[in-house]
Amino acid sequence: DTNLTGSMTSDTDTSQGTSIRNYYQWERTVDATQHFYTVAVRVTLPEDFSAWATANALQVNYITENATSTNSLVDLYVYNENSSTIVTSSTNNASITWTTITVDDSVLDDNTLSEWDAAGETVVLYLRMGSGGSNYARIGDIVLNYLARF
């Protein structure tokens, strides 16, 4: 991204009725033009990984201040380490309540060259937050749901 005017902060949401939640927040307060900030997270599958849980293998919690993705959004891109080939993506996510981007196991393990499906494999999650007109975007927990070897 080349438009990077804004503020990146981290904090904790302790609102009544929600679990304590840590998050990163991107917010542009200058004008309505949306600018973006990307957080990159390396994730390696543990040595006891056997298979992904069905239907909710990867989950990323997020919230945006505006329900319209042209004002605030969260995009998820998953790449194998040292590869420009994308495993999966989910774009233009916007929600004014904490919600979840959910990636199905069949997307991460689909018998193609670009997979994330074995112990010790590493991916880079790119979490791209967009904000314009003082509408924040926040990312919270990243959850891996998998079956361990017995």
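Visitor: Phe-49 and Trp-52, buried or exposed?
Guide: Phe-49 is buried, and Trp-52 is buried too. This is a predicted model.

Visitor: How do the rings of Phe-49 and Trp-52 sit relative to each other?
Guide: Their centres are 5.1 Å apart and their planes stand at 70°, so the pair is edge-to-face. The cut-off for that label is an angle over 60 degrees.

Visitor: Which residues are in the cluster with them?
Guide: Trp-116 and Tyr-146 join Phe-49 and Trp-52 in a cluster linked by ring pairs.

Visitor: How many aromatic pairs does the structure hold?
Guide: The structure has six aromatic pairs. One of them is formed by Tyr-79 and Tyr-126.

Visitor: What is the geometry of Tyr-79 and Tyr-126?
Guide: With ring centres 5.7 Å apart and planes at 80°, the pair counts as edge-to-face.

Visitor: Which strands do those two come from?
Guide: Tyr-79 belongs to strand β6 (residues 72-80) and Tyr-126 to strand β9 (residues 122-131). The pair therefore ties together parts that are 47 residues apart in sequence.

Visitor: And how accessible is Tyr-79? 
Guide: Tyr-79 has 23% relative accessibility and counts as partly exposed. Tyr-126 is partly exposed as well, at 33%.

Visitor: Changing topic. How many helices and strands does the chain have?
Guide: There is one helix, and there are eleven strands. In sequence order the pattern is β-β-β-β-β-β-β-β-α-β-β-β.

Visitor: What does the radius of gyration say about the chain?
Guide: The radius of gyration is 16 Å, close to the 15 Å that the globule rule gives for 150 residues, so the chain is as compact as a globular protein of that length. The C-alpha trace spans about 50 × 40 × 20 Å along its principal axes.

Visitor: What share of the chain is buried?
Guide: Buried residues account for 41% of the 150 residues. The accessible surface is about 7,900 Å², and carbon and sulfur atoms make up 44% of that surface.

Visitor: What about contacts between residues at least 6 apart in sequence?
Guide: Of those contacts, 75% join residues at least 24 apart.

Visitor: How many charged side chains, positive and negative?
Guide: The chain has 6 positive and 18 negative side chains. The centres of the two sets lie 7 Å apart.

Visitor: Back to single residues. Where is Thr-14?
Guide: Thr-14 sits in the loop between β1 (7-13) and β2 (21-27). At 56% relative accessibility, Thr-14 counts as exposed.

Visitor: How far is Thr-14 from Ala-51?
Guide: They are 34 Å apart in space, C-alpha to C-alpha, and 37 residues apart in sequence.

Visitor: What about backbone angles, say phi of Asn-92?
Guide: Asn-92 has a positive phi of about 60°, although it is not a glycine. Most residues other than glycine have a negative phi.

Visitor: Where is Asn-92, and what is its relative accessible area?
Guide: Asn-92 is in strand β7 (residues 86-93). Its relative accessible area is 49%, and it counts as partly exposed. The cut-off for exposed is over 50%.

Visitor: What is phi of Ser-134?
Guide: Phi of Ser-134 is near 65°, which is again positive in a residue other than glycine.

Visitor: Where does Ser-134 lie?
Guide: Ser-134 is in the loop between β9 and β10 (137-144). Ser-134 is partly exposed, with a relative accessible area of 29%.

Key: Residues numbered from 1 in each chain as written. Heavy atoms only, no water. Helix = DSSP H or I, 4+ residues; strand = E, 2+ residues; numbered from the N terminus. Rg over C-alpha atoms; globule rule 2.2 N^0.38 Å. Buried < 20%, exposed > 50% of the residue type's maximum accessible area, 1.4 Å probe, protein only. Contact = heavy atoms within 4.5 Å. Areas by Shrake-Rupley, 256 points an atom, 1.4 Å probe, with all protein chains shown as cover. Lys, Arg positive; Asp, Glu negative; His and termini not counted. Charge placed at Lys NZ, Arg CZ, Asp CG, Glu CD. Phe/Tyr/Trp six-rings, centres within 6.5 Å; stacked < 30°, edge-to-face > 60°.
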